[in-house]
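I opened a new notebook page for a structure I had not seen before. My plan was to look up the overall layout, then single sites, then single residues.

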Amino acid sequence: MKTSGIVRKIDNVGRLVIPKEIRSVMKINYGDPMEIIQVNNEIAVRKYNRGCIFCGNNKDVMEFRNSLICRECEKALKEE
Ligand SMILES: [Zn+2]
């Protein structure tokens, strides 16, 4: 994990602003879904990417029993 050296305060309703420079570099835009992960004593934030449960691809995916699967993995499953 890389530290930015930037310290921000949480506002009165619990919000924390991700610095513009980091949003720009990571291509995070207004309205993008973000996933908040708690790992022991730390909190990580990452772009929410709901994709194929096997390969992570988020293009050409379909839902199957509450999970997403892409066409390529679906095809590979059928062939095995
Ligand atoms: Zn896949």
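These are my entries, in the order in which I made them.

**Ground rules**

I noted that this is a predicted model, where local features need pLDDT of at least 70, side-chain atom pairs count only at pLDDT 80 or more, and totals for chains, interfaces and linings use all residues. I number residues from 1 along each chain as its sequence is written, and side-chain values use heavy atoms, with hydrogens and water left out.

**Entry 1: overall layout**

I started with the secondary structure. Helices are DSSP runs of H or I with at least four residues, strands are runs of E with at least two, and both are numbered from the N terminus. I found two helices and four strands in the protein. Along the sequence they follow the pattern α-β-β-β-β-α. The radius of gyration of the protein is 17 Å, well over the 12 Å from the globule rule for 80 residues, so the protein is more spread out than a compact globule. That radius is taken over C-alpha atoms, and the rule is 2.2 Å times the number of residues to the power 0.38. I also looked up the box filled by the C-alpha atoms: roughly 50 × 30 × 25 Å along the principal axes.

**Entry 2: domains, burial and contacts**

Next I checked the domains, whose bounds come from an automatic or database domain assignment. Domain 1 covers 1–48 and domain 2 covers 50–80. Their C-alpha centres lie 29 Å apart.

I then turned to burial. Buried means under 20% relative accessible area, exposed means over 50%, and partly exposed is in between (1.4 Å probe, protein chains only). Of the 80 residues, 10% count as buried. The protein exposes about 7700 Å², and carbon and sulfur atoms supply 52% of it. Areas come from the Shrake-Rupley method with a 1.4 Å probe; for residues, only the protein chains shown count as cover.

Contacts came next, meaning heavy atoms within 4.5 Å. Among contacts with a separation of 6 or more, residues 24 or more positions apart account for 3%.

**Entry 3: the zinc ion**

Which residues coordinate the zinc ion? I found C52, C55, C70 and C73, each through SG, at 2.3 Å. Donors are N, O and S atoms within 2.8 Å of the metal (3.2 Å for Na, K and Ca); water is not among the atoms, so sites may look incomplete. In sequence the donor residues are spaced C-x2-C-x14-C-x2-C. C55 lies in the loop between β2 and β3 and C70 in strand β4 (residues 67–70), so the pair ties together parts that are 15 residues apart in sequence.

The four donor atoms make angles of 105 to 115°, and the site is tetrahedral. Four donors count as tetrahedral if all angles lie between 85 and 135 degrees. For four tetrahedral donors the ideal angle is 109.5 degrees.

C70 is buried, at 1%.

**Entry 4: N57**

I placed N57 in the loop between β2 (42–47) and β3 (61–64). N57 counts as partly exposed, at 29% relative accessibility. Leaving aside neighbours within four places in sequence, N57 is in contact with G51, C52 and C70.

I found L77 in helix α2 (residues 71–79). L77 is partly exposed, at 46% relative accessibility. Its contacts, neighbours within four places left aside, are F54 and I69.

M34 sits in strand β1. M34 is partly exposed too, with a relative accessible area of 28%. Not counting residues up to four places away in sequence, M34 touches I28, V45, R46, K47 and Y48. From M34 to C70 I noted 36 residues in sequence and 22 Å in space, C-alpha to C-alpha.

**Entry 5: positive phi**

Where is K27 found? K27 is in the loop between α1 (20–25) and β1 (34–39). Its phi is near 55°, a positive value in a residue other than glycine. K27 counts as exposed, at 60% relative accessibility.

N40 is in the loop between β1 and β2. Phi of N40 is near 50°, again positive in a residue other than glycine. N40 is exposed, at 71%.

Terms used. Four donors count as tetrahedral if all angles lie between 85 and 135 degrees; four count as square planar and six as octahedral if opposite donors are over 155 degrees apart and all others between 65 and 115; anything else is irregular.
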